[in-house]
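Here is a tutorial on how to read a few structural features from a model.

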Amino acid sequence: MSSRLLLIDDDARLTAMLGDYLSAAGFEVRVAGSLAEGRAALAEQVFDLLVLDLMLPDGDGLDFCRELRADALTRRLPVLMLSARGEPMDRILGLELGADDYLAKPFEPRELQARIKALLRRAEPDTPPDDVLRFGRLEIDLAARMARLDGKPLDFTGHQFDLLVVLAQSPGRVLSRDQIMDALKGHPLDAFDRSIDVHISRIRALIEDDPKTPRRVLTVRGAGYVFARKQDADHGH
């Protein structure tokens, strides 16, 4: 599946060129010409990375980046700032406010593409070729259909294991109940739908240190559930 990029920049000529260039490189690109359009896009769709200009007609990209980092839905969204502000202090400020990378205009499109790919690689979970997903102390063995915490097997039902896998294979993305249901096609869905929250509670009871304060499977009110991209490594933050 193509990585989904959101490009927020009010330079229509630049965004048209980048949209074509990055689409040709295999990315799915959506363009927003203002922060308002960017907010609307983020509310409608899940993106893998945001390319953000700083000087926009309805606000400052730095403030927007700070806003993204304060929101549970977008806290982990990789952000690459793209700006005509190229002084060292501008770059430092952008990175300190939460950007993952900073590229000054003018730039080479190939460099932008390379930086995007690097950020996306860094955002991917560890997925060894033996089909074991690892998230700190939690391991999910897809081939053996078994999950382990601190090396100890966890007692999931088949439904619960499949639900855990659906969430864990999209870390950092909020999945609505409809999206989860779509991913679980083949299960007895009617019964499963009614009890999905119960299954989530059961999963939390097994994988969370404190199920009342989950750090792995998080509820996003009104939206669905998200499997935390980083878990044990984030303790203390």
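Predicted model: local features only at pLDDT ≥ 70, side-chain atom pairs only at ≥ 80, totals over all residues.

Q: How many aromatic pairs does the structure hold?

A: A pair of aromatic rings is described by the distance of the centres and the angle of the planes. The structure holds one aromatic pair. The ring centres of Phe-135 and Phe-227 lie 4.8 Å apart and the planes stand at 70 degrees, so the pair is edge-to-face; the cut-off for that class is over 60 degrees.

Q: Where in the chain do Phe-135 and Phe-227 lie?

A: Phe-135 belongs to strand β8 (residues 132–135) and Phe-227 to strand β14 (residues 224–227). The two are 92 residues apart, and the pair links distant parts of the chain.

Q: Are Phe-135 and Phe-227 buried or exposed?

A: Phe-135 and Phe-227 are both buried. The cut-off for that word is under 20% relative accessible area.

Q: How many salt bridges does the structure hold?

A: Such a contact is read from the distance between a side-chain nitrogen and a carboxyl oxygen, which must be within 4 Å. The structure holds 18 salt bridges. One of them joins Arg-4 and Asp-48, with 3.9 Å between the closest N and O atoms.

Q: Where do Arg-69 and Asp-100 lie?

A: The side chains of Arg-69 and Asp-100 form a salt bridge at 2.9 Å, N to O. Arg-69 is in helix α3 (residues 61–69), and Asp-100 is in the loop between α4 (88–96) and β7 (101–104), 31 residues apart. With a relative accessible area of 18%, Arg-69 is buried, whereas Asp-100, at 29%, counts as partly exposed.

Q: What about Arg-137 and Asp-209?

A: Their side chains meet in a salt bridge at 3.0 Å, N to O. Arg-137 is in the loop between β8 and β9 (138–141), and Asp-209 is in the loop between α9 (196–207) and β13 (217–220). The pair links parts of the chain that are 72 residues apart. Arg-137 has a relative accessible area of 29%, so Arg-137 is partly exposed.

Q: How many residues apart in sequence are Ser-34 and Asp-58?

A: Sequence separation and C-alpha distance are read side by side. Ser-34 and Asp-58 are 24 residues apart in sequence, with 6.4 Å between their C-alpha atoms. Ser-34 sits in the loop between β2 (28–32) and α2 (35–44), and is buried at a relative accessible area of 11%.

Q: How many residues apart are Val-31 and Thr-15?

A: Val-31 and Thr-15 are 16 residues apart in sequence and 6.8 Å apart in space, C-alpha to C-alpha. Val-31 is in strand β2. Its relative accessible area is 37%, so Val-31 is partly exposed.

Definitions and conventions
Residues numbered from 1 in each chain as written. Heavy atoms only, no water. Phe/Tyr/Trp six-rings, centres within 6.5 Å; stacked < 30°, edge-to-face > 60°. Helix = DSSP H or I, 4+ residues; strand = E, 2+ residues; numbered from the N terminus. Buried < 20%, exposed > 50% of the residue type's maximum accessible area, 1.4 Å probe, protein only.
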